[in-house]
Amino acid sequence: MRIAASLIFASAVSLGVTGAAWSQTPATKSLAPAAAAAPAPAAAPAVAKAPCANPDALGIGRVVEIDTTGGPGFGFEHFKQLDFLRDKEIVLTFDDGPWPLNTPSVLKTLAEECTTGVFFPIGKHSTYYPEVLKQVAAAGHTIGSHTWSHATLTNKKLTEDQRKEEIEKGFSAVKWALGASPSPFFRFPALQHPPEMVTYLGSRNIAMFSCDLDSFDFKARNPQQVIDVTMKKLDKLGKGIILMHDFHKHTAEALPALLRKLKAGGYKVVQMKAKAPVETIARYDEEVLKDAKLPTVSSRPVSSVVQTISE
Ligand SMILES: [Zn+2]
């Protein structure tokens with residue numbers, strides 16, 4: 001299916017980002033989202049999906065694969081070097097999940113529109129609700145990370161080690177919840193980018209996501225406000241990576257009408273997939289288990305592990 005050669009971008013970038021490459025795969029209209037887009041985590045449960053039942057669905061216009069080598073940055077609010085979206089193309093992104101009710105509601109709406117998004121879950125939330133996060137993966141969406149506890153990494157009280165721990169434990173927690181490594185896609189809480197952590201993520205080959213437009217859904221007083229703010233900004237820009245929160249009720253409630261408006265406005269969703277999953281660090285995988293007091297095999301009573309069958 002790959003028809004375009006990978007494009008290599010090796011521009012010098014002030015924040016220590018060395019480059020990125022992606023290839024493009026045109027989506028076939030008859031393909032279901034899961035068929036057009038394999039789940040990001042390699043070992044995530046693969047669910048065979050029926051073809052899209054909605055003939056007027058928003059769908060997926062294009063699939064791009066991201067080579068995260070060197071930690072490319074996306075989203076013009078902070079990173080302006082990779083202008084890959086064409087006119088009328090959008091990327092739907094969702095932060096702060098997984099969360100009961102709201103995340104499943106977002107998933108239902110995306111499925112009804114046979115479309116997809118990039119999810120940036122919080123590590124702690126992933127340990128609270130791993131089954132919800134597994135649903136996100138099973139639906140074929142791309143999953144990255146949004147730190148362990150949503151700490152603002154520009155907070156001067158945090159040491160460099162604590163900042164790295166927030167990043168690494170976030171990925172380790174998502175990996176624990178999914179049973180597979182997520183994509184090396186990261187979004188800083190509150191879009192606060194300390195330069196040394198941008199450099200660090202570059203060294204870890206993790207792509208950074210800011211946004212082109214913020215829906216300000218966390219400030220919205222009702223679902224209509226989410227729709228109005230998003231459409232107004234989008235119609236001005238003509239394209240962009242949209243920041244939303246699957247954690248928020250108003251977002252979940254606004255999404256069906258918002259996706260209809262996007263379709264009516266001629267916008268096309270671009271799916272962003274990583275070329276390879278993130279490589280987590282074993283020490284942080286272990287810390288997630290310890291700090292979250294998650295059940296492990298070793299915590300089971302011996303009688304539930306070892307049973308005498310015959311003597
Ligand atoms: Zn957030």
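A residue counts as partly exposed when its relative accessible area falls between the buried limit, under 20%, and the exposed limit, over 50%. That scale will be needed at the second stop of this tour, which is made through a predicted model.

A pair of aromatic rings is described by the distance of the centres and the angle of the planes.

Select F74 and F84 to begin. Their ring centres are 5.6 Å apart and the planes stand at 80°, so this is an edge-to-face pair. F74 belongs to strand 4 (residues 73-74), while F84 lies in the loop between strand 4 and strand 5 (89-95); the contact therefore ties together parts that are 10 residues apart in sequence. Both F74 and F84 are buried.

Proceed to W99 and Y129. Here the centres lie 5.2 Å from each other with the planes at 80°, so the arrangement is edge-to-face. This pair links distant parts of the chain, 30 residues apart: W99 is in the loop between strand 5 and helix 2 (102-112), and Y129 is in the loop between helix 3 (123-128) and helix 4 (130-138). W99 has a relative accessible area of 25% and is therefore partly exposed. At 27%, Y129 is partly exposed as well.

Finally, display K88 together with Y267. The charged end of K88 sits over the ring of Y267, at 4.3 Å from the ring centre.

Conventions: Residues are numbered from 1 along each chain as its sequence is written. This is a predicted model: local features need pLDDT of at least 70, side-chain atom pairs count only at pLDDT 80 or more; totals for chains, interfaces and linings use all residues. Side-chain values use heavy atoms; hydrogens and water are left out. Rings of Phe, Tyr and Trp (its six-membered ring) pair if their centres lie within 6.5 Å; planes under 30 degrees apart count as stacked, over 60 as edge-to-face and the rest as tilted. Helices (H or I, at least four residues) and strands (E, at least two) are DSSP runs, numbered from the N terminus. Buried means under 20% relative accessible area, exposed over 50%, partly exposed in between (1.4 Å probe, protein chains only). A charge sits over a ring if NZ of Lys or CZ of Arg is within 6 Å of the ring centre and within 35 degrees of the ring normal.
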